[in-house]
Amino acid sequence: MAATRPQATVLGIVLAMGLALAAQVASAAPPTPGPSTLDQVRQRGILRCGVNTGLPGFGAPDSQGDWTGLDVDVCRAVAAAVVGDARKVEFIPLSGRQRFSSLLSGEIDLLSRNTTWTLTRDAQGMEFAPPVYYDGQGFMVRRAFKARSVRDLDGATICVQQGTTTELNLADYFRSVGMSYKPLAVEDLRELVEAFFAGRCDAYTTDASALAATRAAQTVSADDYLILPELISKEPLAPAVRKGDGQWFDIVKWTVFALIEAEERGVTQANVRDNLASSAPGVQRLLGVGAGVGLGKSLGLDDQWAVRVISQVGNYGEVFERNVGRNSVLRLDRGLNALWNRGGLMYAMPIR
């Protein structure tokens with residue numbers, strides 16, 4: 001029997017409601033997940049790593065165009081763990097403003113660019129691996145300027161990189177001590193450094209390690225420039241990945257821990273192969289032999305992942321010394337970046 005007009009209207013309403021509900025359920029359903037970051041890196045055969053545009057000791061190309069630096073070596077360590085070859089890295093230089101959007105958009109797999117771990121950054125879609133350098137914000141001046149303390153900078157013109165925590169720290173500090181300053185904020189790091197050495201500002205502020213790197217890279221006499229003794233902030237510099245891929249986060253995190261653990265255990269680039277025969281349980285777990293067999297599987301890697309990292313890149317102490325340590329152009333002391341059992345903060349979670 002054919003439906004009457006009222007019945008047809010009711011049926012139409014019910015059908016429309018059903019279709020609307022189905023559409024809501026479909027829109028609420030989670031999207032089909034794409035390949036993991038680990039799968040993408042392996043399929044590509046290359047790790048895409050965001051680095052500084054040019055900061056000696058941390059991330060900068062040398063005269064042959066080869067990238068060097070502490071942050072660069074972190075990229076190489078992850079590539080060694082994941083694709084087996086520390087050379088399989090595409091280095092993508094990024095400004096302070098570009099770095100986060102490049103990570104969150106998927107342009108890079110890993111950000112290893114002297115980046116401070118903060119609450120807001122952690123809450124806005126990024127996961128930070130353990131810090132690879134503990135730093136603090138300082139100031140550099142020309143000796144001729146006569147400033148010997150930050151307190152002598154009242155009313156000074158200060159060069160600062162735009163869009164960084166450095167810019168915020170500067171404003172917070174001067175406000176808190178009741179001093180004034182004139183900011184010269186520039187986004188491009190090269191232009192900022194040129195402005196300081198051209199005399200357009202009285203002081204240049206950034207992480208103390210970056211100040212040392214900048215001074216070392218200049219053709220001017222380093223003795224003509226003074227890094228003031230005070231630090232005005234805590235700057236834990238750490239690699240970062242996108243949130244939502246726990247496996248990739250674990251791989252980057254434990255690669256950093258492996259570098260630190262290797263130094264603590266005395267495993268170096270030169271002796272790592274010899275240590276494969278070690279009877280020490282801690283060394284075995286680090287190198288994936290004996291007591292360590294099967295640990296790599298929990299990361300989606302084989303058991304030799306840390307062996308590749310150490311043999312191709314070295315341990316944390318070796319990475320530190322060749323890039324920023326006393327024998328490098330920066331000549332920095334270990335300080336807070338010494339191992340935890342040598343008065344520093346470098347501490348690896350147990351690999352077991």
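User: How many aromatic pairs turn up when the whole structure is searched?
Analyst: This is a predicted model, so keep that in mind as we go. The search covers the whole structure, and its tally of aromatic pairs is 14.

User: How are the rings of W254 and F257 arranged?
Analyst: Their centres sit 4.9 Å apart, and their planes are at 65°. An angle over 60 degrees counts as edge-to-face. So the name for the W254 and F257 pair is edge-to-face.

User: Which helix holds W254 and F257, and how far apart along it are they?
Analyst: Both belong to helix α9, which runs over residues 246-265. They are 3 residues apart there, so their separation is about one helical turn.

User: Okay, now the domains. How far apart are the C-alpha centres of domain 1 and domain 2?
Analyst: The domain assignment makes domain 1 out of 37-132 + 239-342, while domain 2 is 135-234. Between their C-alpha centres the distance is 29 Å.

User: What area is buried between domain 1 and domain 2?
Analyst: On the contact side, 18 residues of domain 1 touch 16 residues of domain 2. Carbon and sulfur atoms give 57% of the buried area. The whole buried area comes to about 1200 Å².

User: Which side chains meet in a salt bridge with an N to O distance of 3.7 Å?
Analyst: Across the interface of domain 1 and domain 2, the rule finds 1 salt bridge. The partners are R97 and E187.

Terms used
Residues numbered from 1 in each chain as written. Predicted model: local features only at pLDDT ≥ 70, side-chain atom pairs only at ≥ 80, totals over all residues. Heavy atoms only, no water. Domains from an automatic or database assignment. Contact = heavy atoms within 4.5 Å. Buried area = accessible area lost by both parts, 1.4 Å probe. Salt bridge = Lys/Arg side-chain N within 4 Å of Asp/Glu carboxyl O. Phe/Tyr/Trp six-rings, centres within 6.5 Å; stacked < 30°, edge-to-face > 60°. Helix = DSSP H or I, 4+ residues; strand = E, 2+ residues; numbered from the N terminus.
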